[in-house]
Amino acid sequence: MLEFDLQENGLRKLNSALHDQKDSTNQTAWEVINPKGSHAIAVGIDAPIEVNIKGSTGYYCGGMNKQATINVKGSVGPGVAENMMSGKVIIEGDASQYAGATGHGGLLVIKGNASSRCGISMKGINIVVHGNIGHMSAFMAQSGNLVVCGDAGDALGDSLYEAKLFVRGSVKSLGADCEKKEMRPEHIELLRQLLSEADCDAKPEEFTRYGSARTLYNFDIDNSDAY
Amino acid sequence: MNKIEKPAIPHTTPRYSATFSNDVNSDIRRAAATGIYDIRGGGAKRKLPNFDDLLFLGASISRYPLEGYREKCETSVTIGTRYAKNPIELDIPITIAGMSFGALSGPAKEALGRGASAAGTSTTTGDGGMTPEERGHSTKLVYQYLPSRYGMNPDDLRKADAIEIVVGQGAKPGGGGMLLGQKISDRVAEMRNLPKGIDQRSACRHPDWTGPDDLEIKILELREITGWKVPIYVKVAGARPYYDTTLAIKAGADAIVLDGMQGGTAATQDIFIEHVGQPTLAIVRPAVQALQDLGMHREVQLILSGGIRNGADVAKAMALGADAVAIGSAALIALGDNDPIHEEEYNKLGTTAGAYDDWHEGMDPAGITTQDPDLMKRFDPKEGGRKLRNYLKVMTLEAQTIARACGKNHLHNLEPEDLVAVTMEAAAMAKVPLAGTTWYPGKPGTSY
């Protein structure tokens, strides 16, 4: 385990050291202490390493991650794991706005609650939130899966494309072109797998699936009131 | 009885309304028939005050010129000197603006890379990610970071020579992109992670930041991911150039790209293009003022775009304080867009060469703004690249001709004092004297 004191050594040194790790690195375990809400911690990693951050972070923690597993023993600011490509980011606490925004792959797990616009414009990432999510989550979400074990706020899945949304609790309101969908066996199986990977003991059968009604895919004047 | 002929009542000649012109009436009929606003490509077509309304004074007894064929006039520019470890060094101050693969064909993007590289300048990706054709043929490639984030990934980000965070575009300040179903081919759909054939809307705001304080953190993140190596530009529409430039500098930008309303778009509402934004001529001085007020003029570079057509426009933009310009529509014309050789086919599409702007429909007879495999075959990227290189060289020679006549040994030495305006509007916007006077509207110390 390599310990890195962020306040003592600075952000540039940390990210530079993490970027130096390649596929074959032996330094696979990293611990970052004293994050103290700093921004852009552990961004742009491309190696199969594990980074444990002991405390809360600011914006864009784990941004554009590839391969790495990043554990945050605290809460995170806006845009955690934004544009993640692969790997895993696990947050013990809560997440601010835009968690997992535009993510292309990998798994983001938030053990607390996530704020508004969780999964905005997601492009293949899987997100599992143990708690609740805020308004406008999964806005323009293109693909991937958003799993919410608690409740969802207003306008869930507004202008959704092909992403799948699973909510166990209540949904305050659905956004334009988002509708309730049938839970088929393949969805139950997918959910079982995601919940297991996210270390969540919720039962897949308790969830409702939401997806795109696909009525806004091509412009039609008769749908203009939807906006 | 003789029939008494009544005198003929004279008729007035038919008179068209200036308010309800034929253009306006056709637009009303089109709206009534379709129920949808008119979408088109390109920039503002209306007549606007522009660089043609400015003139250079040239040399005189107090300023002596440089010999055109013997004395050097430098054209190089370095962009990104503020923070980047590897600033971009260009031979000429004319860059190629961001245009997407999707809006343009793969061969057209390749031609832009070939032409720009041969002329010693940069080209720019667009709202669709980086294609191998474009990266492979561009010695200097600027990677746009757009609200849609289509195709965005850290590997391409690190392959870029600069990153351009797009906040706005001159043709549509405050508007997102649009790519209609006809152009969402298999390849475009895959790159954008979207179903084929849908009408694709790009968001108007970035998904994970709002406002100047967030922008500063976003710039930090991008610098950290790319190791502080490459310059980070911020592109804004010419909406509030003084404040937007100020805020972008404060957020840590290496360069500002400022786009006036004559700047083109792949597709958006005609009403948006014609009625939102400011003319390019009007936005450059406020932006330069912001740079000067913060002591950042020439340290943070200003790249001006929106209707730049020739070396005179380049020289005028630089005289007003820009470090470089960017061209989009003009580059497409150099490649062959709207060429009269396709007139018959333009007629079949209900238009004419020079007026074709339905780029979003993907039927471009020139094979440039299309994803149709048969139309794309008409366009030769090597030939297109050669034409673009020629055009960029001519623009540079033209700008040098003017600069030498003004006694400047570098295009950057052109200054507002070299210019006069031929209209009151241009004098007010460019803050240079109305020709024959020492005055412009709004000049400090005057009461007008």
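Colleague: Which residues have the most contacts inside the largest nonpolar core, and how many residues does that core have?

Modeller: The general idea is that in soluble globular proteins nonpolar side chains tend to be buried together. In this predicted model, the largest nonpolar core has 190 residues, and those with the most contacts inside it are B:Ala253, B:Ile256 and B:Val325. Helix H9 of chain B, residues 280–293, provides the largest share of this core, with eight residues. Apart from it lies another core, of five residues, including B:Leu48, B:Ala171, B:Met261 and B:Ile273.

Colleague: With which residues is B:Ile256 in contact, once its neighbours within four places in sequence are left aside?

Modeller: Under that condition, B:Ile256 is in contact with B:Val234, B:Val236, B:Thr245, B:Ala248, B:Ala287, B:Val300 and B:Leu302.

Colleague: Turning to the sheet, what is the order of its eight strands in chain B, and is the pairing parallel or antiparallel?

Modeller: As a general idea, strands of a sheet pair through backbone hydrogen bonds, either parallel or antiparallel. Here the eight strands of chain B form an open sheet in the order S5-S15-S14-S12-S11-S8-S7-S6, with parallel pairing. Strands S5 (94–96) and S6 (123–124) of chain B stand at the edges, and because each has a single partner strand, one side of each is left without a neighbour in the sheet. Within the sheet, S11 (residues 232–237) and S12 (residues 255–259) of chain B pair in the parallel sense over five bridges, and B:Val236 has B:Leu258 as its bridge partner in S12(B).

Colleague: How many of the 14 residues of H2(B) are buried, and against which elements do the buried residues pack?

Modeller: In general, an α-helix has 3.6 residues a turn, so residues three or four places apart point the same way. Helix H2 of chain B, residues 106–119, reaches 20 Å from its first C-alpha to its last, close to the 20 Å expected at 1.5 Å a residue. Eleven of its 14 residues are buried, so that H2(B) is mostly covered, and among the buried residues are B:Pro107, B:Lys109, B:Glu110, B:Arg114 and B:Ala119. The buried residues of H2(B) pack against S5, S6, helix H3 (132–137), helix H11 (329–335), helix H13 (373–377) and helix H14 (381–405) of chain B.

Colleague: Where do residues with a positive phi occur, for instance after H2(B) and after H14(B)?

Modeller: The general idea is that most residues other than glycine have a negative phi. H2(B) is followed by B:Gly120, whose phi is positive, near 80 degrees, and H14(B) is followed by B:Gly407, again with a positive phi near 80 degrees. A:Ser121 is not a glycine, yet has a positive phi of about 55 degrees; A:Ser121 is placed in the loop between strand S6 (107–110) and S7 of chain A, and counts as buried because 30 other C-beta atoms lie within 10 Å. B:Lys431, also not a glycine, has a positive phi of about 55 degrees and is placed in the segment after helix H15 (424–430) of chain B. With 21 C-beta neighbours inside 10 Å, B:Lys431 counts as buried.

Colleague: How many helices and strands are there in chain A, and what radius of gyration does chain A have?

Modeller: Chain A has three helices and eleven strands, which follow the pattern β-α-α-β-β-β-β-β-β-β-β-β-α-β along the sequence. A compact globule of 227 residues would have a radius of gyration near 17 Å, and chain A has 18 Å, which agrees. The C-alpha atoms of chain A fill a box of roughly 60 × 35 × 30 Å along the principal axes, and 55% of the 227 residues count as buried.

Colleague: Finally, how many residues does the contact take from each of chain A and chain B?

Modeller: The contact takes 36 residues from chain A and 21 residues from chain B. On the side of chain A that touches chain B, the elements giving two or more residues are helix H2 (11–19) and strand S7 (123–129) of chain A, with H2(A) giving the most, four residues. By class, that side of chain A has 16 nonpolar, 15 polar and five charged residues.

Conventions. Residues numbered from 1 in each chain as written. Chains lettered and ligands numbered in written order. Predicted model: local features only at pLDDT ≥ 70, side-chain atom pairs only at ≥ 80, totals over all residues. Contact = placed C-beta atoms within 7 Å. Nonpolar A, V, L, I, M, F, W, Y, C, P; charged D, E, K, R; others polar. Core = buried A, V, L, I, M, F, W, Y, C linked by C-beta atoms within 7 Å. Buried ≥ 20, exposed ≤ 12 C-beta atoms within 10 Å, placed from the backbone. Pairing = 2+ DSSP bridges. Expected span 1.5 Å × (residues − 1). Rg over C-alpha atoms; globule rule 2.2 N^0.38 Å.
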